[in-house]
Amino acid sequence: MQGGEDIQLLVFRLDDRPYAVELARVRKVFRAAAINPLPLGPRVICGVLNMRGRPVPVADLRLRLGLPSRVTALEDRFLWVSADAMDLILTCDSVDGVSVFPRSTMLDGAEIPERPPVLKGVVCLPDGVLYINDPDTLLNLREKEELAYALAEHDE
């Protein structure tokens, strides 16, 4: 457990399970849109969106979390987040909103055995568990290199 102040989380859903990212990481939430392909990109990147004149990679969070894949629907939402000195767009089914929890209620992901690397921690809820994702760890080093190469090729 971690002590200190409150943590503000944007709660979203994948297959009716609640997940979250720290609100400070979120730049924008918007309705799903057509994704442009990004040849040569890592498998977890399903394409790019033109965000204010520059391509922003769209990450398939389902793939990273080991959930069944599905085609993006018009009702889905995209989360534009800051991640490890880059911007990423995460796909999700829906957004519940912002929740605030005392940081002391969050179990640090490092304390969870056999956790996915993207899991930053969990908060126990009265009706289940809220999984907190860390966008910084969504891509491993090889995937970051593949993404940089694919984006450079995309710009040419």
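For a disulfide, two cysteine sulfur atoms have to sit within 2.5 Å of each other. Keep that cut-off in mind for the first view of this predicted model.

**View 1. The cysteines, with zero disulfides.** Under that cut-off, the count of disulfides comes to zero. Take Cys-92: the nearest cysteine sulfur belongs to Cys-46 and lies 12 Å away, so with a limit of 2.5 Å, Cys-92 is in no disulfide. Cys-92 is also buried, at 1% relative accessibility. Cys-124, on the other hand, is exposed, with a relative accessible area of 64%.

**View 2. An open sheet built from five strands.** Reading across, the order goes S3-S6-S7-S5-S4, and the pairing is mixed. Strand S3 (26-31) and strand S4 (45-51) are the edges, each pairing on one side only. On average, neighbouring strands here are turned by 30 degrees against each other, ignoring direction.

**View 3. Where S5 meets S7, with helix H2 packed on the sheet.** S5 (residues 54-59) and S7 run parallel and are joined by two bridges. Look for Ala-59, whose bridge partner in S7 is Leu-90. Helix H2 (residues 141-155) packs on the sheet and touches S4, S5 and S7. The helix direction makes about 140 degrees with that of S5.

**View 4. Thr-91 and its surroundings.** Thr-91 is part of strand S7, which covers residues 86-92. Its relative accessible area is 10%, so Thr-91 counts as buried. What does Thr-91 contact, leaving aside neighbours within four places in sequence? The partners are Leu-14, Val-58, Ala-59, Asp-60, Leu-61, Arg-77 and Phe-78.

Terms used:
Residues are numbered from 1 along each chain as its sequence is written. This is a predicted model: local features need pLDDT of at least 70, side-chain atom pairs count only at pLDDT 80 or more; totals for chains, interfaces and linings use all residues. Side-chain values use heavy atoms; hydrogens and water are left out. Helices (H or I, at least four residues) and strands (E, at least two) are DSSP runs, numbered from the N terminus. Buried means under 20% relative accessible area, exposed over 50%, partly exposed in between (1.4 Å probe, protein chains only). Contact means heavy atoms within 4.5 Å. Two strands pair if DSSP finds at least two bridges between them. Axes are lines fitted to C-alpha atoms, for helices over the stretch in contact, and angles run from 0 to 180 degrees between N-to-C directions.
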